Amino acid sequence: MCGIVGYIGHREAYPIIMKGLQRLEYRGYDSAGIALFDGNQINMSKTKGKVEDLKNKSEKNIAINGSLGMGHTRWATHGVPNDVNSHPHYSNSGNLVIIHNGIIENYEAIKTELSKRGYVFESDTDTEVLVNLIEEVKKKEKVKLGKAVQIALNQVVGAYAIAVFDKEKPDEIVVAKLGSPLAIGIGDKEFFIASDASPFIEYTNNAVYLEDEEMAIVRPGKEIKLRKIKDDAVAYPMIQELQLNLEEIEKGGYDHFMLKEIYEQPRAIKDTYRGRLLVDQGIIKMSGIDDNLERFMNANRIIIVACGTSWHAGLVAEYIFEDLARIPVEVEYASEFRYRNPVITSKDVVIAISQSGETADTLAAIKLAKERGAFVFGVCNVVGSSIARETHAGAYTHAGPEIGVASTKAFTTQITILMMLALKLAKEKGELNESKYHEILSELENIPSKVEKALEANPLVEIIADVYKESDNCLYLGRGYNFPVALEGALKLKEISYIHAEGYPAAEMKHGPIALIDDQMPVIVIATKKGHYEKVVSNIQEIKTRKGKIIAIVTEGDTQVRELADHVIEVPETLESLSPLVTTIPLQLLSYHIAVMRGCNVDQPRNLAKSVTVE
């Protein structure tokens, strides 16, 4: 979950690394550090806090010149966030420096053994153990840094993306990967190292993404030296041309990335179905499905594995697949899936959903499903990510970079992909007549304009947010397709504003949560005309009787709910199966405005990170 940046070449490393860390701060922001080599010595600065704190400290306390350097922004696993536990870490000799994303699970055993050999540890981190293990191997085996890294990594258990530098050999950086992402940007006699491509996009469009259990040695003016960690076999780098552009990773005039990404959803949804949804021809064209249609058609069931917001998108997909394609669906938390000895067969299709494509729990679920013979289809946003490489086939959402930790456009674009997949299967299976099939195709094409219309409620949502910004608790209710939207709305509120919130099926309110309702409890109810409307109206009346404060998301022109609710937010009418794409918009905006009003860091909420690469 941490962010790694490194540079070696002919430019000044400091500004590249510092800007890169700011772009990667979504990956972790409880502490940060930088190490620079000026040709004679390593200059290191580390601090608890944000990258901006590191920048201020570094420019006051260390020399910031040099054309080799490494930086790190941390999401703490081993050791509390403080200056000492921040990366980079020295080895005991002071010659080796390391930055690390991931977890070394057997670090305590290694630390005990190294302590017996005289090694002293300043921090509580597993990373300092790893760098000293590399140093011990280097001394004991009398090998160069690259070989020492390889031998050491064959002794560790866990996940890692690392970059290591040896000041006795200052013309190279050694990097390696297992489970955590690592990209190498290739410039003119220079190399950039990062957790994703955003830190070096203005310098080069060429990148190599390391595969699991690969290591590389980068030296200015020379080709990448790539090897397999386990058996030392030579590997050959596949250079990819980056599709990212600089504008996509800047705020573009918005106060926060989250708000920018909420407003990007009409374009993101359109980009997701562009070239795939061919309404005039009445077809959906997706190569990942077309090339594997028989596996889907013959599936006994679909298992969806995901975490967080992606899990909520999977829950929406459960309704869609079962309703339209009549295929049984189970939706599983990826973090639980692999640990309960699930029954999986070759007749199952597993759909793995992840914005980053690097979610560790989801990757582990994919590997288990493949071992059991299931066909695995990935839905992710990041081109070249681990999930894209590990799955048999898949589809990218094309949402563009999502920098805000709280996912917004990931949710709507994932649903868009899953709707197209379900529609295609429903048509092939003969479960939809031509009229209904074309109706859904046409309505999906119109969804971006309806999301734009839903965004027009922003001023009203801001007013409502001001009323409830001091609330301690909040309840979200929905039914059918919009029950997962209630869960997602509650997640957004709790993760960025720190207000306790829960989502429930509206009918379940009577089985416990109704005891919480009083005149201080805001209850957000999704009450659109399509789907269980009269039942939801009855639930609203039950809330009103107990003096709860009702914020209702309704279809344009609704009058019945308006008479009952304290606040009403209208969204455009659409098909029930597509309604989550518009009903989620006001909930995203509500969470955003409440968090801003409470003084929370919207893009970087406490204790969270964007890409969860540890289990």
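Visitor: How many residues does the largest nonpolar core have, and which of them have the most contacts inside it?

Guide: As a general idea, in soluble globular proteins nonpolar side chains tend to be buried together. A nonpolar core is here a set of buried Ala, Val, Leu, Ile, Met, Phe, Trp, Tyr and Cys residues joined through side-chain atoms within 4.5 Å, where buried means under 20% relative accessible area, exposed over 50% and partly exposed in between, with a 1.4 Å probe and protein chains only. In this structure the largest such core has 93 residues, and those with the most contacts inside it are Phe321, Ile351, Phe377, Leu423, Leu444 and Tyr476. Helix α14 (residues 409-429) supplies the largest share of this core, 11 residues; helices (H or I, at least four residues) and strands (E, at least two) are DSSP runs numbered from the N terminus. Apart from this core lies another, of 29 residues, which includes Leu54, Phe192, Ala197 and Phe200.

Guide: Before going further, please keep in mind that this is a predicted model, in which local features need pLDDT of at least 70 and side-chain atom pairs count only at pLDDT 80 or more, while totals for chains, interfaces and linings use all residues. Residues are numbered from 1 along each chain as its sequence is written, and side-chain values use heavy atoms, with hydrogens and water left out.

Visitor: Which residues is Leu423 in contact with, leaving aside its neighbours within four places in sequence?

Guide: With contact taken as heavy atoms within 4.5 Å, and with those sequence neighbours set aside, Leu423 touches Ile284, Leu324, Leu432, Tyr437, Ile440 and Leu441.

Visitor: In what order do the strands of the five-stranded open sheet stand?

Guide: In general, strands of a sheet pair through backbone hydrogen bonds, either parallel or antiparallel; two strands count as paired if DSSP finds at least two bridges between them. Here the order is β18-β17-β19-β20-β21, with parallel pairing. The edges are β18 (329-333) and β21 (393-396), each of which has a single partner strand, so one side of each is left without a neighbour in the sheet. From one strand to the next the twist averages 20°, angles being taken from 0 to 180 degrees between N-to-C directions of axes that are lines fitted to C-alpha atoms, for helices over the stretch in contact. Within the sheet, β19 (residues 348-354) and β20 (residues 375-380) pair in the parallel sense over six bridges, and Ala352 has Gly378 of β20 as its bridge partner.

Visitor: Which strands does helix α10 lie across?

Guide: Helix α10 (residues 308-325) lies across β17 (301-306), β18 and β19, and runs at about 175° to β18. Helix α14 also packs on the sheet, where it touches β19, β20 and β21, and its direction makes about 160° with that of β19.

Visitor: Which way do the side chains of strand β10 point?

Guide: In a regular strand the side chains alternate between the two faces of the sheet. In β10 (residues 191-194), Phe191 and Ile193 point one way and Phe192 and Ala194 the other way, and all are buried. Strand β1 (residues 3-8) is joined to β10 by four bridges in the antiparallel sense, with Ile8 opposite Phe191. Strand β9 (residues 183-186) is likewise antiparallel to β10, through four bridges, and Ala183 stands opposite Ala194. The hairpin of β9 and β10 has four residues between the strands, and in it Lys189 takes a positive phi near 60°, although Lys189 is not a glycine; at 58% relative accessibility, this residue counts as exposed.

Visitor: How many disulfides does a search of the whole structure find?

Guide: A disulfide is a covalent bond between the sulfur atoms of two cysteines, and the criterion used is a pair of cysteine sulfur atoms within 2.5 Å. The search finds zero disulfides. For Cys380, the closest cysteine sulfur, in Cys307, is 14 Å away, too far for a bond, and Cys380 is buried, at 3% relative accessible area.

Visitor: Where is the cis peptide bond from His87 to Pro88 placed in the chain?

Guide: The bond from His87 to Pro88 is cis, with omega near 0°, and Pro88 belongs to the loop between β4 (68-74) and β5 (89-90).
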